[in-house]
Structures are given as structure tokens and as C-alpha cells.
Amino acid sequence: MAAAVQLAARAKRRDDVDVTLVNAQERFTERMRLHMAATGRQLAELLAGTDARFVRGRVTAVDPDAKTVRIDDDQVLPYDTLVFGLGTTTDSAAVPGVEEHAHTLSSAEDAEFLAERLARLGSGTVVVAGSGLTGVESAAEIAEQHPCLDVVLLGRQEPGSTMNPRAKTYLDAALHRLGVQVRSGVEVAKVLPGAVELAGGETVAADAVLWTSGTRTSPLAAAAGLAVDERGRIVTDTALRSVSHPDVYAIGDAAAIRRVYGVMHGTCQGGMPTGVHAALSIDCVLKGRQPKPFRFGYCHTPVSLGRHDAVVQFTRPDDTPRRFCLTGRMAVSHAEIAEALERSESAVRQAAHRAREHVRARRPRFAADRARQRAVTERFFAAATGGDVNALMELLSPDVTLWTDGGGKVRQALRPVVGATTVASWFTAIGTVTYQGVEPADMNAGLVELNGGPGIVFSGPAGVIATVTFDFDGDGRVTAIHNVANPDKLQAVADGTTHDLSVGRSF
């Protein structure tokens, strides 16, 4: 979806480019919300205004030599460039009885079918097989929404085994509070009509079974002759092109993307960035330019614990846990808090912002020394212009706020941008998209002194287009960023009232 929207938007003025999105259903559902039985949004609505064409149908074959895609075995679509995003589904074939007797969460229909089944159970036991994040979220959701049911979570590993001790302790306590019975160190050998059988012969009674253990990749890539890894994922180069067929791009968990820490695993964190980067790469090729290498590192692992609780484990780029985590309502999204409180999302965002300001006002006000400010600004500059989101995350306070000023003359964010993840994503995108009408190839950035402190100036062929300055806490972390693009306020910068700190970069 991200690739289609991005590419359609970039090719909108080209008469020689047509973008077609093929999907088996007419609605788009975020897979990470399936445990909440999300109904999704219509794809036609999401594609409105992009000129992209939607074709409903199930892809049954890909012929990379003929450059065609077969849909439902009775329709053939030709292509010049293909973005392959057929992701994984729950592996229901690895254990006997799963296909016949267990529910899965591979689609919105699966989620709705499970929701209907749970609603019909007045009492009884629900077994959730698989103690990974999907299993944990599903068990918590079922226990909270159906307190009359007993929920048993089975798995080889302890829930939250990859988290730091504080995050895991919180997760364990939340599952206990919700009444979820956790049994780790067990393996399901068979699913029966009214129970699951564990390795060793023990049975656990179950009125309903949800299978969340393991996924499998679409076999279409291997069948098409594309180079794949041992799991059937398409092996890509640094631009996300198939190493065997460069006119095929692979994204999400359909791709085997190698980074310095290993091959990326399929998560929502990687899905959207790969889709956007594939679109950017194709756009570069259409313009006769070499696409840039894909850069990615993990930032966090968010886990919902019902509708009113959550834990967010911040991670290093290789997905190992950092010391920092968010727990409780601070970790729940604004949308979910709004739903719980029956308030609008904008009202919740405003209340959260006021709360942060109240907390910040009561903190001791110590400013980092100028040398520390300069060092942090240089690191921020290098990370932002290099697209290193993880390096940016290390410099930002968790509740950092980005304030923008376009003066009503230049398009900027309508509201403050809050949170380290969102702010970091904002700045790492600067070198990959057109900003204030200036293409990345024509943009320059330099480190200067502004308003008595270090800052960054962005300029294009016609002059200065934006400035960035920072507020710091006593530890030297960035608490606020001021992005000014108002032409009236930039006049002083354009007139030369800055001090060059001799660091610059062209994109």
C-alpha cells in the first residue's frame, strides 16, 4: 500500500507511467490490528486522488520472463516494473489439526470469524498457541474483552523474552492482572476438536484455539524462478531489487533484506519503510538516476495489552532491547486512548501535550553547555542528512516536540509533531523527498550558529528554504526542535546574519 501511494503520487504528472495495485480484498487492514478484529478501510478510498488503479483479485502466478502477473487464473496483467509484496500468512500446516480445528489471524475475515466464535461462548477456555508478540496481544485482548472466558497462553518461550527486565516484568504483571494463564516451555503437537495435545502427551481442554505460532511465505516467488532464501523470501540488492530479476522489487516480509545485523524479520516497522523505499527507487530509475541504498534499523517493539494498556520496548538497530521502555497509558496510541475515553483523537493529543508541558515545567531547568550543544547538533546533522533514524533516536528525548513555522506562506505541519520516533522519521525523510519545492539532488544543508546557538540551514538553488534550531536538557538530549520555513523570518538568514560552523552536505 505504501509503495503504491508513494509511487502514484510521484508519477502523477507522467503520462508514460501507470500504477496498478492488485489485492484479493477491496479493503486494507493493518495486520498488527487483526487481534482487535479491525475492519480496515476501502482501498479505493486510500488511493483516491493518486491516479493509481485498483484491481481486485488473488495473484496466482508471476512470470518474470514474460513480465506478467496472473490473477485468479483468468486474467493476465503485463508490467514493466513489479513490486512484490505478497507477505506471510499463519503457518497452519506445520502441526496436525490446526487447519481443521484452530482459528488464525491471517486476514480480517479470520479475525471477524474468531470474534463471532468468542461472542457465542458464554464460558469456557480459549487456548492461544504461540507466546510471541501476536500471541501475547491476542491473549490480552481476549481476556479483557471476554472476562467470562479462561485464557491460556502456550508457547516455547516466556512472553516478552526479548524485552529488558522492566518491560518484561510489566508485561507479565499485565497478563496476570487480566487473568491470562501462561505456560511457557511447552510445545503443541496436535490440535484436537476440543483440546490441544502437548509434546509428551498431556492435553489442555479448549473450547476455542487461536494459532499464532509461526508464519509461511507465499510460494509464488520461488515458483516464478526468482532467487529466494531458505524461507522463500526474495533475495534483494541494496535498492530492494531482486538479485535475479532487477525489474522486480520485493518489500515487507516477502523480501530477504540483509543488513549489517542480519536479515530483517517481518514487522510493521519494516513493511512501510521498504514500500516507500521501493517507490523512491523506482522513481529514481524513471528519472535516469541511481537509486540509493536502503537504510533501516529497528526502533522499538510496541505491544498492546488490551485496549487500555501497553508496553513499548525501545531497541537498538539490530532489535536488541535498550534500557528505556514506556509502560501503561503512556505507551497506548492516541487513537486507542480516544476510543477508551470516548473523546476525539485531537482532544486526547492536546491533553497529552498539556500534560507533557506541565511535567516539563516542574523539572529543574539546567541547560547543556555550549560544547555539548554543538556536539549534539553535529551528530543530529550527520544522522538527519545520512538518513540514520536510530542515531537520531539516541539524541532525542522521548517526548521531544517539533514546532514548525511556515507563516501561512509555506506548507508545514499543522500541529506540533510529538515523540522521538515520529520526529526522527520526519527528519530522515528530508534527504529523500522534495522539500519546499526543492528536489533532494538540488538541496544543501549546513551547520551554522543561529540565535546564539548551533543550528542547521537548508538551502536550494534560489536561496535559504528552512532553518532548524534546538532546545536541550541538562543531559544534552534534544527536547524541542524549531523548524522555520516562513520566508519573512528567513530573510535575516538570507542576508547573511549567521556564523558558518564549517560543516555542510549536499543530498
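In which loop is Asp 91 found? Asp 91 lies in the loop between β9 (89–90) and α3 (98–101). Helices here are DSSP runs of H or I with at least four residues, strands are runs of E with at least two, and both are numbered from the N terminus.

Residues are numbered from 1 along each chain as its sequence is written, and side-chain values use heavy atoms, with hydrogens and water left out.

Let us return to Asp 91. Is this residue buried or exposed? Asp 91 is buried, with a relative accessible area of 19%; buried means under 20%, exposed over 50%, and partly exposed in between, with a 1.4 Å probe and protein chains only. Its side chain reaches the backbone nitrogen of Ala 94 at 3.5 Å. Leaving aside residues up to four places away in sequence, Asp 91 touches Trp 211, Ser 213, Gly 214, Thr 215 and Arg 216, where contact means heavy atoms within 4.5 Å.

I now turn to the sheets. Strands of a sheet pair through backbone hydrogen bonds, either parallel or antiparallel. Two strands are taken to pair if DSSP finds at least two bridges between them.

A hairpin of two residues connects β13 to β14, and the bridge partner of Val 188 in β14 is Leu 198. β14 is also joined to β15 (residues 203–205), by three antiparallel bridges, with Glu 197 opposite Thr 203. In the hairpin of β14 and β15, four residues lie between the strands, and Gly 200 takes a positive phi near 110°.

Next, helix α13. Which residues of α13 (residues 420–428) are buried? They are Ala 420, Val 423, Ala 424, Phe 427 and Thr 428. These residues cover an arc of only 130° around the axis, which puts them on the same side of α13; the arc is that of the directions from the helix axis to the C-beta atoms. An α-helix has 3.6 residues a turn, so residues three or four places apart point the same way. The buried residues of α13 pack against elements including α11 (370–386), α12 (389–395) and β26 (396–405).

For the protein as a whole, there are 14 helices and 32 strands, and buried residues make up 46% of the 507 residues.

Finally, confidence. pLDDT is the predictor's confidence in each residue, from 0 to 100. The protein averages 82, and 83% of the residues score at least 70. Over residues 354–366, pLDDT stays under 50, and the model has 10 contacts beyond four places in sequence there. Residues 497–507 also stay under 50, with 40 such contacts. Where pLDDT is low, the predicted coordinates should not be read in detail.

Terms used: This is a predicted model: local features need pLDDT of at least 70, side-chain atom pairs count only at pLDDT 80 or more; totals for chains, interfaces and linings use all residues. A polar contact is a pair of N or O atoms within 3.5 Å; within protein, one must be able to donate a hydrogen and the other to accept it, and residues adjacent in sequence count only if both atoms are side-chain atoms.
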